[in-house]
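Hello,

Here is the structure I promised to pass on to you. Have a look at it first, and then read my notes below.

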Amino acid sequence: MKLVLFLNMGGVTHLEDCKTFLKNMFNDPYILGIKNRFLRRFVAWMITLSRTKTMQKNYIKMGGKSPLNETTQNLCHKLNSLQNEFNFDFVNLYVPPYANEVLKKYSLNSKDEIILYPLYPHHSCTTVTSSLEVLQREIKKINITSKIKIMDIFYKDANYNQMIVSHILDKKNQFDAKTLIFSAHSLPISLIKKGDLYEKHINEHVQILKEKLKNHFEEIILSYQSKLGPVKWLEPSTSDILEKLKNKALIYPISFCIDCSETIFELGMEYRHLAAQDYALISCPNDSDEFIDFILKSLKN
């Protein structure tokens, strides 16, 4: 068996999951970089206590849940129905399905292969490193002897970028905009200074896409969203860019492969009242035929 496990932070399926998500996320040492475990737990508890109700209110506006789990399940189902070489499943970091429960579904031995596939185009210790460490730790804990393969980040992949260009231009045919905004999840500057590669990869990715799209838009902008707390984060912020918009715009959420609260709520709803001009949000690759084609090709390279 070749078991492909997609790795992601996870999405809230029930409102009660908000507390679980926040607690697990802020107990992650890559997210909250407090070395003392007991102090980190206390700070995580305080943040969870203060943010849970607000998060739940936001999810109620989204219909009570994130689309991430359902979309990822659909992606796996489509991939499993198209071929027999690989078996696709997914694991979340902060809400179910967790690594241990997914791994226990399968009878794995030394002849099998587990392919860990982080659904992040760019590398960050807060996403790729954290997810891989948890999976590898659980694999070892359950004494699984299967071979392990790790899929690399893919922001430079020609097939992946052609898909993005296609999705952007398809949306432009429906919503004629002069401005294109690539909105990336922000990170604290302190993490970047410690050597996190995320900003470098985002900049390189936007340059690749700019070259392909420069004749279709008057301006192409990179901005960052989802800043949290008082520390310095990557800028400019997407909200500030939208406040100063001079033309209609398209927004592409470049950090994500699957739509989540940051795309559906933050970009799709929360920022609407800030924007000086109308804008349209482009969906993530999700379970599209083009993304499926990219995934299968990437596994066979």
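**What I found**

Among contacts in the protein (heavy atoms within 4.5 Å) with a separation of 6 or more, 80% are between residues 24 or more positions apart. Before you read on, please keep in mind that this is a predicted model, in which local features need pLDDT of at least 70 and side-chain atom pairs count only at pLDDT 80 or more, while totals for chains, interfaces and linings use all residues. Residues are numbered from 1 along each chain as its sequence is written, and side-chain values use heavy atoms, with hydrogens and water left out.

Now the overall picture. The protein has eleven helices and eight strands; these are DSSP runs numbered from the N terminus, with at least four residues (H or I) for a helix and at least two (E) for a strand. The radius of gyration, taken over C-alpha atoms, is 19 Å, close to the 19 Å that the globule rule gives for 301 residues, so the protein is as compact as a globular protein of that length. That rule is 2.2 Å times the number of residues to the power 0.38. Along the principal axes, the C-alpha atoms fill a box of roughly 60 × 45 × 40 Å. Of the 301 residues, 53% count as buried, where buried means under 20% relative accessible area, exposed over 50%, and partly exposed in between (1.4 Å probe, protein chains only).

Next, a pair of helices. Helix H1 (residues 17-26) and helix H2 (residues 37-61) pack at an angle of about 145°, with their axes 8 Å apart. Axes here are lines fitted to C-alpha atoms, for helices over the stretch in contact, and angles run from 0 to 180 degrees between N-to-C directions. On the H1 side the contact includes Phe 21, Leu 22 and Phe 26, and on the H2 side Ile 47, Met 55 and Tyr 59 are among the residues. The residues of this contact divide into eight nonpolar, three polar and four charged. For that count, Ala, Val, Leu, Ile, Met, Phe, Trp, Tyr, Cys and Pro are nonpolar, Asp, Glu, Lys and Arg are charged, and the others, Gly among them, are polar.

His 205 sits in helix H8 (residues 198-213) and counts as buried, at 0% relative accessibility. Leaving aside neighbours within four places in sequence, His 205 is in contact with His 122, Tyr 155, Tyr 160, Asn 161, Ile 164 and Ile 254. Ser 283 is in the loop between strand S8 (279-281) and helix H11 (289-300), and at 43% relative accessibility Ser 283 counts as partly exposed. Not counting residues up to four places away in sequence, Ser 283 touches Tyr 252 and Asp 259.

Finally, some backbone details. Most residues other than glycine have a negative phi, and most peptide bonds are trans. Here, the peptide bond from Pro 96 to Pro 97 is cis, with omega near 0°, and the bond from Glu 235 to Pro 236 is cis, with omega near 5°. Pro 236 lies in the loop between strand S6 (219-225) and helix H9 (238-243). Ser 226 is found in the loop between S6 and H9 too, and has a positive phi near 70°. Asn 286, in the loop between S8 and H11, has a positive phi of about 55° and is buried, with a relative accessible area of 11%.

Best wishes
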